[in-house]
Amino acid sequence: MKHVIMLLVVLITTTATSQKNEITTKLYETYERFKETSLDNRREKHKDIQALITELKSNAKFTVQKVGASIEGRDLTLISIGTGKTNVFLWSQMHGDEPTATQAIFDIINFLESDEFSAEKKEILSNSTLHFLPMLNPDGAEQFKRRNTLGIDINRDALRLQSPESQTLKRVRDSLNADFGFNLHDQSVYYNAERTDKPATISYLAPAYNYEKDINDVRSNAMKVIVFMNNIIQKYAPGQVGRYNDDFEPRAFGDNIQKWGTSTILIESGGFQNDTEKQEIRKLNYVSILSAIYTIAKENYKNISIDDYWQIPENDRKLFDLKIKGVTYNLLGNDYIIDLGINIAELNNDDKSDYYNVGRIMDQGDLSTYYGYETLDATGFTLTQGKIYPKKLKTIDDLSDINFYNLLKSGYTYIQIEALPEYKKEIAVPLHLIHTNYEIPEFKIVVGANPTFLLQKNNQIEYAVINGFLLNLSTKSSNFKNALIYKK
Ligand SMILES: [Zn+2]
């Protein structure tokens, strides 16, 4: 008898899995039809989503309600659709600089609005009611910063409820008494799946609701849906999923919403190779969240074993943008072998709608337990300082006559310009622009320094690192974005 039951379980699970894969594949392949193209970069603002919300107000399929306002008075809106008994509540961007899922929510809304996938949508909307609260922290989004205008982290305000954004989230959760909650965030791109060089493109957590980290039905349902979504992400980003530490945080919304009886799924969008604006990750959000909504509506997540939840590797934070391995560094006459870990930070422009990059040495020494999005084995190469190109240029327009690869190969990493631009305009040429009176600082490889140097072997310069970007001078290939301007 036991064997028969086992066989039955296997059969049911297999059928559920193949159905799931079929719709997931279709969602992935047809994504471009539903993508909300007006949202295409991470610094989107409240006005950008308000334009879409205004359109939805005249669409009979959706109920659009103002449910609150931010400290600075920006509307918080709940968009609902469906008639089913299972309430699913999704909120995004409580941290202002975490927009990936906000974009995915509008893709999902486009999907729900369309006439395609009608059988699947009937299943979803007759069994469940979906409620979206995109961009919970619009004031933070305006500044592209994590915190709200009170200067607090909304995700530590679930108990004290001082911010109107927090009060709105709590009130909406309570009024819906949602069965499932999707708590949608972005995380650092430097997270990796533990002990691998794979970025944690998506990380999950079914938050604990007490210090004992007990697992009741509410939490276990969240774990099951996470296992379901993990299987989807593994197909498109193999190995690139992490599991968040489940220590209980009594002040956080995820932990409390789990405690208040809503099965809560935390999704963190991390990094993906060559996807700075996270548009591939956004697509993975769309596919996996929509598939999860489908499985919730059909209730076939219930067969999933929570043992598989613990098989997801833990999140770690051991990635750099660039790792240089085993380079020779001559200091005070002696050679040393070191690794370098380099990251490239984003500095916002004044209106926070764009940014430029500034590289920084994050760590140096034995970095054998760390990984890089890009890794260079620099064994046998020596770090050398770049020089100032002796010819002075009048304006940045004169840069168009320069063969930069030749200059870098000849050992130059700085170029003098008489009329430097007034602001730190992005310089798309791989040499720092300096004022004619600027003196380059003493060459030091230290944590915090801007990584600008050349890599030389047998008196040949083969690589340059400018503002943290690696340039291969033989193949003339790189992911270079911008150098810096140094005034007097
Ligand atoms: Zn967050």
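Which residue in strand 18 is the bridge partner of Ile415? I looked it up, and the partner is Leu433.

**Ground rules.** I'm working on a predicted model, where local features need pLDDT of at least 70 and side-chain atom pairs count only at pLDDT 80 or more, while totals for chains, interfaces and linings use all residues. Residues are numbered from 1 along each chain as its sequence is written, and side-chain values use heavy atoms, with hydrogens and water left out.

**The sheet.** For pairing, DSSP has to find at least two bridges between two strands. Both belong to an open sheet of 4 strands, order 16-17-18-23, with parallel pairing. Strand 16 (387-393) and strand 23 (485-486) are at the edges with a single partner strand each, so one side of each has no neighbour in the sheet.

**Whole chain.** I counted 10 helices and 23 strands; these are DSSP runs numbered from the N terminus, helices being H or I with at least four residues and strands E with at least two. The radius of gyration is 26 Å, close to the 23 Å from the globule rule for 488 residues, so the chain is as compact as a globular protein of that length. That radius is over C-alpha atoms, and the rule is 2.2 Å times the number of residues to the power 0.38. I also noted that 55% of the 488 residues count as buried (under 20% relative accessible area, with exposed over 50% and partly exposed in between, 1.4 Å probe, protein chains only).

**Cores.** The largest nonpolar core has 69 residues, and Phe132 and Phe182 have the most contacts inside it. Helix 9 (residues 279-298) gives the most to this core, 11 residues. A second, separate core of 27 residues includes Tyr405, Phe480, Ala483 and Ile485. My core criterion: buried Ala, Val, Leu, Ile, Met, Phe, Trp, Tyr and Cys residues joined through side-chain atoms within 4.5 Å. Leaving aside neighbours within four places in sequence, Phe132 is in contact (heavy atoms within 4.5 Å) with residues including Leu78, Ile105 and Leu112.

**Lys323.** I found Lys323 in strand 11 (residues 319-331). Lys323 is buried yet has no salt bridge, and the nearest side chain of opposite charge, Asp339, is 5.2 Å away. A salt bridge here needs a side-chain nitrogen of Lys or Arg within 4 Å of a carboxyl oxygen of Asp or Glu; Lys and Arg count as positive, Asp and Glu as negative, and His and the chain ends are not counted. Not counting residues up to four places away in sequence, Lys323 touches Leu340, Tyr370 and Glu374, among others.
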